[in-house]
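Welcome! Have a look at the sequence and the fold below, and then we will walk through how some of the parts pack together.

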Amino acid sequence: MNKIKLISDSTCDLSQALLEKHDIDIVPLYVNFNDESYKDLFDLQTEKMYELVDKHGILPKTSAASPGDFHQVFKTYLEQGCKIIYIGLGSKFSATFTSANTAKQLLESNDIYLIDSSNLSSGTGLLLLKTAKFIEEGLEVEEIVRRIEALVPRVRSQFVIDTLDYLHKGGRVSTLSALMGGMLRIKPIIKVRNGEMVVGKKARGSIRKGIDLLIEEFLGLKDMIDNEFVMITHSLAHESSLYIEERLKKEVQIEHLYETNAGCVISSHCGKGTIGILYIMK
């Protein structure tokens with residue numbers, strides 16, 4: 001039986017410990033400051049990225065992993081006799097999935113299986129953890145792909161944004177919206193639905209009010225949530241993460257509740273202090 005190799009990209013926001021535990025290889029996206037280019041997760045960590053933002057006074061540009069990046073990784077594992085499952089950043093968010101598909105076509109292999117997560121950050125990470133579990137259970141690759149594709153629309157990803165500056169500088173909200181949002185201290189909740197980001201509820205005041213909205217929504221759905229894996233993912237908001245963890249553990253039985261840090265690509269679009277709760281519906 002061929003070994004199944006699980007591959008993702010640097011936006012999945014799983015911790016290094018989880019990547020190593022489940023033998024997941026990462027293909028990095030790129031973070032670019034003027035003429036300087038960094039491989040997300042490999043050459044640049046989130047805290048250092050924010051330092052560069054302050055130093056240069058600009059946000060970085062991000063770019064997709066290239067077909068060549070995927071070709072090199074895929075070829076390595078095909079030559080080892082592996083079947084490959086790739087799950088990464090949703091195709092509506094980046095050309096990265098297209099790059100993976102181009103590499104597959106160039107390699108002309110039927111042993112590469114690409115799953116569009118239609119998601120980002122640890123929303124993708126949840127699918128990877130489920131896939132790793134199925135691999136460890138010894139399921140055939142076709143059955144694993146079928147099960148994971150059925151889970152894709154059941155992943156729920158939502159984040160509360162502490163500052164609109166990054167969304168504004170990245171061209172995702174207008175100057176007026178950013179100005180009014182700042183004046184009114186609005187903390188929007190961004191959700192991923194049908195492979196796209198949409199604005200949900202908006203809290204006014206401190207980030208804690210937005211976090212409480214996230215927690216209330218989660219608790220309201222607790223009987224319908226798959227409690228095997230739940231993620232708390234944030235961009236340098238460890239204190240807020242501890243608050244969420246404490247609240248959830250008091251009221252819900254969760255098998256594996258993980259705190260993970262958002263990488264440079266995700267953080268460059270949402271900004272410092274952003275935090276989310278991500279889970280899969282039953």
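This is a predicted model: local features need pLDDT of at least 70, side-chain atom pairs count only at pLDDT 80 or more; totals for chains, interfaces and linings use all residues.

Beyond its neighbours within four places in sequence, Leu-14 is in contact with Leu-19, Ile-24, Gly-125, Leu-128, Leu-129, Met-231 and Thr-260. Leu-14 also belongs to the largest nonpolar core, which has 52 residues. Together with Phe-33, Leu-44, Ile-85, Ile-87 and Ile-148, Leu-14 touches the most other members of that core. Helix H5 (residues 122-136) contributes the most to this core, giving six residues. There is also a second, separate core of 21 residues, and among them are Ile-225, Ile-232, Leu-248 and Leu-257.

Now turn to helix H6 (residues 141-151), where Val-141, Ile-144, Val-145, Ile-148 and Leu-151 are buried. Viewed down the axis of H6, these buried residues fall within an arc of 120 degrees, so they line one face of the helix. What do the buried residues of H6 pack against? Their partners are H5 and the strands S1 (4-9), S6 (83-88), S7 (112-116), S8 (155-160) and S13 (275-281).

Finally, meet a pair of helices. The axes of H9 and H10 come within 11 Å and cross at roughly 25 degrees. Because angles under 35 degrees count as roughly parallel, H9 is roughly parallel to H10. Their crossing is right-handed. The table shows who makes the contact.

| Helix | Residues in the contact |
|---|---|
| H9 (residues 207-220) | Arg-208, Ile-211, Asp-212, Ile-215, Phe-218, Leu-219 |
| H10 (residues 238-251) | Ser-240, Tyr-243, Ile-244, Arg-247, Leu-248, Glu-251 |

Leu-248 is listed in this contact and is also part of the second core.

Technical notes
Residues are numbered from 1 along each chain as its sequence is written. Side-chain values use heavy atoms; hydrogens and water are left out. A nonpolar core is a set of buried Ala, Val, Leu, Ile, Met, Phe, Trp, Tyr and Cys residues joined through side-chain atoms within 4.5 Å. Buried means under 20% relative accessible area, exposed over 50%, partly exposed in between (1.4 Å probe, protein chains only). Helices (H or I, at least four residues) and strands (E, at least two) are DSSP runs, numbered from the N terminus. Contact means heavy atoms within 4.5 Å. The arc is that of the directions from the helix axis to the C-beta atoms. Axes are lines fitted to C-alpha atoms, for helices over the stretch in contact, and angles run from 0 to 180 degrees between N-to-C directions. Angles under 35 degrees count as roughly parallel, over 145 as roughly antiparallel, 65 to 115 as roughly perpendicular and the rest as oblique. A crossing is left-handed if the near helix is turned anticlockwise from the far one by less than a right angle, and right-handed if clockwise.
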